[in-house]
Amino acid sequence: METNEVFEKVKGLFVEDLGIEESKVTMDAKLEEDLEIDSLGIVEVVMAFEDEFEIEIDDEELADVTTVGQAVNLLHSKI
Amino acid sequence: MSKRRVVVTGLGTINPLGNNVSDTWNNLINGISGIDYISSFETDGLPVTFAGEVKNFDANEYMGKQHARKLDRSGHLSIYAAEEALKDANIDTEQRLGNGVGIVFGTGIGGIATTEQAVRTYDERGASRINPLAITQLMPNSSTGQVAIKFGIEGPSLTITTACAASANALGEAKNMIQNGIVDMVIAGGTESGTTAMTIGAFAQIRALSTNNENPQKACRPFDKDRDGFVMGEGSTVLVMESEEPAINRGVDIYGYVSGYGASTDAHHITAPAEGGRGAVDAMKKALFDAELTPNDIDYINAHGTSTPANDKNETAAIKTVFSEKAYDVNISSTKSMTGHLLGGGGAFESLVSLLSLKNNIIPPTINLNNPDEECDLNYTPNIPLEKDLSTAMSNSFGFGGHNGVLVFKKS
């Protein structure tokens, strides 16, 4: 799966499942500041990713993820 | 030093009769039932298929999906009612209210629907798939915290869970907070959205619910000989309560005074009222004493009147004990006949009804009261509203657990 395909799927999850405005979801968007995803929300996001991509994500892997782009790259590396 | 007087300056509600105060009041005085067949989930196989549901309310539309999905429905209703009440009290909802404002909320069972969903997810998909927002939605203090966050309420906060007396107790404790000079303003109210297949089943197991599935609007018949149980309802009601002087100084309209609060515990049985309504008697007397009134001063009693055989009989007996001969004279009604039982949200809602009755000089009726019961022989304002000059009102709330909360209101 190409990076842009992963991004589109991630965007779909954010918009459809979490109710985030579509225009806000860019590769550069910061999860907490721009998308208002707090620490509880991150757990939801991880669950959604795990279900969508059929992978498992460890908490440590998320330590450095603060933007949509970083999340997309992490997912891309695991698929 | 004389006690500080407590006034109500804002009302907000969302309930089976309406999503604002004026629709609610119009339906109340026209004797309209808000009870109908349940539309929010499948009722196949359930012993009861109807309830009082909030209608035409889409939380995603109201607060946006990203916010709405973080709250249980009981929380959606709370924020909605709180916003209505604050606006009604001429308070700027864009500003944080700060640490001079407290919040006291009542609820019977918190986010029970969220609890049930989390259990189902656990059973079907395991622990790692439980909604990470489940705890924050199911805890009974969730609405209190969410309303505080939304409006920046930084003063003392309490969540009261005394079942169907919860929001009566909430208003009473809010009154105490203001009278004791802890804060000048408290956002007080209650919420409940606990109608689920499980709770219907469980309440039906203890024969607490009406099973009149053929005619939901006629099911709740307080004080009627044919009453057969209460009807589940949902909703939230919020009152802005203030110390009189600051309220007058900011020039806001005053609905009335919260002048008396009495609370007691039956310490008798977990569901059944004490014989003769002993605990209810005590709470009513304490509320009158606190208000510095006598039974003869009370013009209207908004009864607990659940439509269960036990409550209505014992509440009647309790009113007779407190009011003596005046019991046959005082106007009583149970607005649960129209809303169903709002459980932890009931006391706040019925306080709103009491204040609106004083303001408008109209007593809403007890609908479906057609066949008098010899054990319920007082003046319950059957089926037709009553126009009458009113100065004072009492609101009774009694809960499973034996909790009793009674409030007395005076016209401003």
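Start with the two domains of chain B: their centres, taken over C-alpha atoms, are 21 Å apart. Select 6–249 for domain 1 and 261–411 for domain 2; these bounds come from an automatic or database domain assignment. This is a predicted model, where local features need pLDDT of at least 70, side-chain atom pairs count only at pLDDT 80 or more, and totals for chains, interfaces and linings use all residues. Residues are numbered from 1 along each chain as its sequence is written, with chains lettered from A and ligands numbered from 1 in the order in which they are written.

Domain 1 of chain B brings 60 residues and domain 2 of chain B brings 56 (contact: C-beta atoms, placed from the backbone, within 7 Å). On the domain 1 side, select α8 (166–179) of chain B, among the elements that supply at least two residues each. α8(B) gives the most, eight residues. Helices here are DSSP runs of H or I with at least four residues, and strands are runs of E with at least two, numbered from the N terminus.

Now go to chain A. Select α1 (residues 3–17) and α4 (residues 68–78): they pack at about 120 degrees, axes 9 Å apart. Axes are lines fitted to C-alpha atoms, for helices over the stretch in contact, and angles run from 0 to 180 degrees between N-to-C directions. That angle makes α1(A) oblique to α4(A) (under 35 degrees is roughly parallel, over 145 roughly antiparallel, 65 to 115 roughly perpendicular, the rest oblique).

Finally, show the side chains. α1(A) contributes A:Thr3, A:Val6, A:Phe7 and A:Val10, and α4(A) contributes A:Val68, A:Ala71, A:Val72, A:Leu75 and A:His76.

Definitions and conventions
Contact = placed C-beta atoms within 7 Å.
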